[in-house]
Amino acid sequence: MEWNLLFFLNSVLFGIGLAMDAFSVSMANGLNEPKMHLKREMLIAGTFCFYQIIMPLIGWFCVRSVASLFESFQKFIPWIALLLLLYIGGKMLIEGIRNKAEVEEAAAVGFGGLMIQGIATSIDALSVGFTIADLNAVMAVTEAVIIGVVTFFICMAGLRIGKACGTKLSGKASILGGVILIAIGIEIFIKGVF
């Protein structure tokens, strides 16, 4: 592969495709925290961006060095994503049903929860490492950074949409956010297994 318009277009399209799960989770986070400040939005979008950069590079490295081990791990990716998103989504759903969402709002998207969301929504990006295995290190890093930047802006949009809807939905936002996360987990699982 060489540096050309098609390489950059491919990278942007990869970014858009991979960012859809992170976009949905960002919307759920915005729903759950409608008064979120810009600094917090940037932290959340930046976290998703970080994981979307790292995961394809880990996949690229694995294909380049330990491909046989990675192939056996790949069948577990949908299961891991499903379990992580079921945990976070279920927690938000239960808190929303119990009307504790307002009291424990920060816990649903706290540091630990955000890290789990980042991993769960970007774990499928590991497989991108297979498709970019023929790229040299500089091109692989460039593609991963483009994917991450696209993810950042898509997640910022998701947070803004979620915040706008969250204000209108008030107390039910946590329930809707939990349902969205569970649905994303199921969707990743179905795509990965079937």
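Predicted model: local features only at pLDDT ≥ 70, side-chain atom pairs only at ≥ 80, totals over all residues.

Modeller: Let's begin with Trp-79, which is partly exposed with a relative accessible area of 44%. Buried means under 20% relative accessible area, exposed over 50%, and partly exposed in between, using a 1.4 Å probe and protein chains only.

Biologist: Which ring does Trp-79 pair with, and is the pair stacked or edge-to-face?

Modeller: The partner is Phe-189: the ring centres are 4.6 Å apart and the planes sit at 75°, so the pair is edge-to-face. Rings of Phe, Tyr and Trp (its six-membered ring) pair if their centres lie within 6.5 Å; planes under 30 degrees apart are stacked, over 60 edge-to-face, and the rest tilted. Trp-79 is in helix α4 and Phe-189 in helix α9, so this pair ties together parts 110 residues apart in sequence. Phe-189 is buried, at 15% relative accessible area.

Biologist: How many aromatic pairs does the structure hold?

Modeller: Six. One of them is Trp-3 with Phe-7, edge-to-face, at 5.3 Å centre to centre and 70° between the planes. Trp-3 is partly exposed at 46%, whereas Phe-7 is buried at 0%. Trp-3, Phe-7 and Phe-8 form one aromatic cluster.

Biologist: What's the mean pLDDT of the protein chain?

Modeller: The mean is 82, and 86% of the residues reach 70 or more. pLDDT is the predictor's confidence in each residue, from 0 to 100. Over residues 101-108, pLDDT stays under 50.

Biologist: How many helices and strands are there?

Modeller: Nine helices and zero strands. Helices (H or I, at least four residues) and strands (E, at least two) are DSSP runs, numbered from the N terminus.

Biologist: Pick a residue in α2. Where does Gln-52 sit, and is it buried or exposed?

Modeller: Gln-52 is in helix α2, which covers residues 38-65, and Gln-52 is buried, with a relative accessible area of 1%. A polar atom of its side chain lies 2.9 Å from the backbone oxygen of Leu-18. Leaving aside neighbours within four places in sequence, Gln-52 is in contact (heavy atoms within 4.5 Å) with residues including Ala-22, Thr-121 and Thr-151.

Biologist: And the largest nonpolar core, which residues touch the most other members?

Modeller: Phe-48 and Leu-85, out of 39 residues in that core. Helices α1 (5-32), α2, α4 (77-97), α6 (111-122), α8 (137-169) and α9 (173-193) each supply at least two residues. A nonpolar core is a set of buried Ala, Val, Leu, Ile, Met, Phe, Trp, Tyr and Cys residues joined through side-chain atoms within 4.5 Å.

Biologist: What does Phe-48 touch, beyond its sequence neighbours?

Modeller: Not counting residues up to four places away, Phe-48 touches Ala-22, Leu-114, Thr-121 and Cys-155, among others. Leu-114 and Thr-121 are among the buried residues of α6.

Biologist: How much of the whole chain is buried?

Modeller: Buried residues make up 47% of the 194 residues.

Methods
Residues numbered from 1 in each chain as written. Heavy atoms only, no water. Polar contact = N/O pair within 3.5 Å; in protein donor to acceptor, adjacent residues only side chain to side chain.
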